[in-house]
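Here are some notes to go with the model you are opening. Have a look at it first, then read on.

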Amino acid sequence: MMTSVDTDLIRVLADPLRLQIVTLLARETLCTTHLVEETGAKQTNLSNHLRVLREAGVVETEPCGRFTYYKLRPDVIASLAGQFADLAVFARTAADNKRACP
């Protein structure tokens, strides 16, 4: 049976700023202030993107005083990577399969 890829998660990660945030959070846990500095995005815009990532389950929050830190959930990324790896396996085995035209 063929694996389907989580299209909702792909849509979430397809945004360039969200992908940049995920890349930064793959390296370290950061607060909004750090992410504003690293990305150059406005704080309100960044907060909206972080909300989308949080609701999609890609990041989780960690309160620390008056700051909120964000960290990547590697299991979510690993799951998506596994779905693509499964597609690659199917593609390799189907490379010689060709449906005849009517």
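The points below go from the whole chain to two residues.

1. A word on the ground rules. This is a predicted model, so to speak: local features need pLDDT of at least 70, side-chain atom pairs count only at pLDDT 80 or more, and totals for chains, interfaces and linings use all residues. Residues are numbered from 1 along each chain as its sequence is written, and side-chain values use heavy atoms, with hydrogens and water left out.

2. Start with the fold elements. The protein chain has five helices and three strands, where helices (H or I, at least four residues) and strands (E, at least two) are DSSP runs numbered from the N terminus. Reading from the N terminus, you get α-α-β-α-α-β-β-α.

3. Next, the overall dimensions. The radius of gyration of the protein chain is 18 Å, whereas a compact globule of 102 residues would be near 13 Å; the value is taken over C-alpha atoms, and the globule rule is 2.2 Å times the number of residues to the power 0.38. Along the principal axes, the C-alpha trace spans about 65 × 25 × 20 Å.

4. How much of the chain is buried? Of the 102 residues, 27% count as buried, meaning under 20% relative accessible area with a 1.4 Å probe, protein chains only. The accessible surface of the protein chain is about 7100 Å², and carbon and sulfur atoms hold 54% of that (Shrake-Rupley method, 1.4 Å probe).

5. Now contacts along the chain. Among contacts with a separation of 6 or more, 55% are between residues 24 or more positions apart; a contact means heavy atoms within 4.5 Å.

6. Which residue's side chain does His-49 meet in a polar contact of 3.0 Å? The partner is Arg-18; a polar contact is a pair of N or O atoms within 3.5 Å, and within protein one must be able to donate a hydrogen and the other to accept it, while residues adjacent in sequence count only if both atoms are side-chain atoms. His-49 sits in helix α4 (residues 43-55) and counts as buried because its relative accessibility is 12%. Not counting residues up to four places away in sequence, His-49 touches Asp-15, Leu-17, Arg-18 and Ile-21.

7. Finally, look at Cys-31 in strand β1 (residues 30-31). With 4% relative accessibility, Cys-31 counts as buried. Leaving aside neighbours within four places in sequence, Cys-31 is in contact with Phe-67, Thr-68 and Tyr-69. Between Cys-31 and Leu-13, 18 residues apart along the chain, the C-alpha separation is 19 Å.

Terms used:
Buried < 20%, exposed > 50% of the residue type's maximum accessible area, 1.4 Å probe, protein only.
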